Amino acid sequence: MMDARDSTGTAGQMPVVGSLLHARGGPHRLARALRISAFSILVLAALFAGGFGWFASTVSHMTTPANPAKADAIIVLTGGQSRLDAAMDLLASGKGERLLISGVHPSASRRQLQAATGGDKALFSCCVDIDRAALDTIGNAEESAKWVESHAYGTVILVTNNYHMPRSLLEMSRLLHGARLEPYPVVNTNLGDGGWLTKPEALRVLLTEYSKYVLALARGIVPSRQTGGSVAVAQAATAHN
């Protein structure tokens, strides 16, 4: 028969055993959580890398249309002289009735801008509008949407660099409705056949722009100030070298 000492001793050990089991379970749960976190990070990194490869390949194979179809108007997003030159050439060739230059620095006068583009003074005076309110791509989209809707344009040629085109189309499509965007990518450097991999500066620009594009996609999950409807976005012409 078990005496009182045996009974008391066994009972007194039970809490100790339970504590040991609980303590042993803690590290196991922590290790499991760390494994899950590490796996999630690897998956996200793989998705980011794969998406970047697609983005870089798509952008690097965009080409400037040789003879784009005529549209109602033209929008160019500031950020480089080549963009402005391309937009003015389109306007001069009758590809659009009016041109909006979006994102002009507030200190730049109309005369200075005309001189910088080298465009015809009469054409610049009659058919070019200037937006000085936009500070970034989101602002470009907001001000451009106001301009398009105020003129009731149905088709618009969008001029910007090839690497900037995907995000520009994305932001524009959230605010425009009943309008069709025709992308006109300006290509300064030929990055076809993976040329961006061997050019550090090009790689940096593409990686930065892709990161902004991903953030813009993520922002779309949250309800935004949409004007309703949808925009028909034409696919940028691509050609493999």
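**A disulfide, a threonine and a patch**

User: Which residues does a disulfide join?

Analyst: This is a predicted model, and the link is found from the distance between cysteine sulfur atoms, which must lie within 2.5 Å. The S to S distance here is 2.5 Å, and the count comes to 1 disulfide. About the S-S bond the angle is -80°, and the link is left-handed. The residues joined are C126 and C127.

User: Is C127 buried or exposed?

Analyst: A residue counts as buried when its relative accessible area is under 20%. The value for C126 is 41%, so C126 is partly exposed. The relative accessible area of C127 is 13%, and therefore C127 is buried.

User: The backbone oxygen of which residue lies 2.9 Å from a polar atom of the side chain of T117?

Analyst: T117 has its place in helix α3, which covers residues 110–117, and with a relative accessibility of 10% T117 counts as buried. Leaving aside neighbours within four places in sequence, T117 is in contact with Q81, L84, D85, M88 and F124. The backbone oxygen at 2.9 Å from the polar side-chain atom of T117 belongs to Q114.

User: What is the relative accessible area of F39?

Analyst: F39 is found in helix α1, which covers residues 4–60. Together with V43, L44 and L47, F39 makes a nonpolar surface patch of about 430 Å². Exposed means over 50% relative accessible area, and F39 is exposed because its value is 58%.

Notes: Residues are numbered from 1 along each chain as its sequence is written. This is a predicted model: local features need pLDDT of at least 70, side-chain atom pairs count only at pLDDT 80 or more; totals for chains, interfaces and linings use all residues. Side-chain values use heavy atoms; hydrogens and water are left out. Helices (H or I, at least four residues) and strands (E, at least two) are DSSP runs, numbered from the N terminus. Buried means under 20% relative accessible area, exposed over 50%, partly exposed in between (1.4 Å probe, protein chains only). A polar contact is a pair of N or O atoms within 3.5 Å; within protein, one must be able to donate a hydrogen and the other to accept it, and residues adjacent in sequence count only if both atoms are side-chain atoms. Contact means heavy atoms within 4.5 Å. Patches are made of residues with over 30% relative accessible area and no salt bridge: like charges are joined within 9 Å, nonpolar side chains (Val, Leu, Ile, Met, Phe, Trp, Tyr) within 5 Å. Accessible areas come from the Shrake-Rupley method with a 1.4 Å probe; for residues, only the protein chains shown count as cover. A salt bridge is a side-chain nitrogen of Lys or Arg within 4 Å of a carboxyl oxygen of Asp or Glu.
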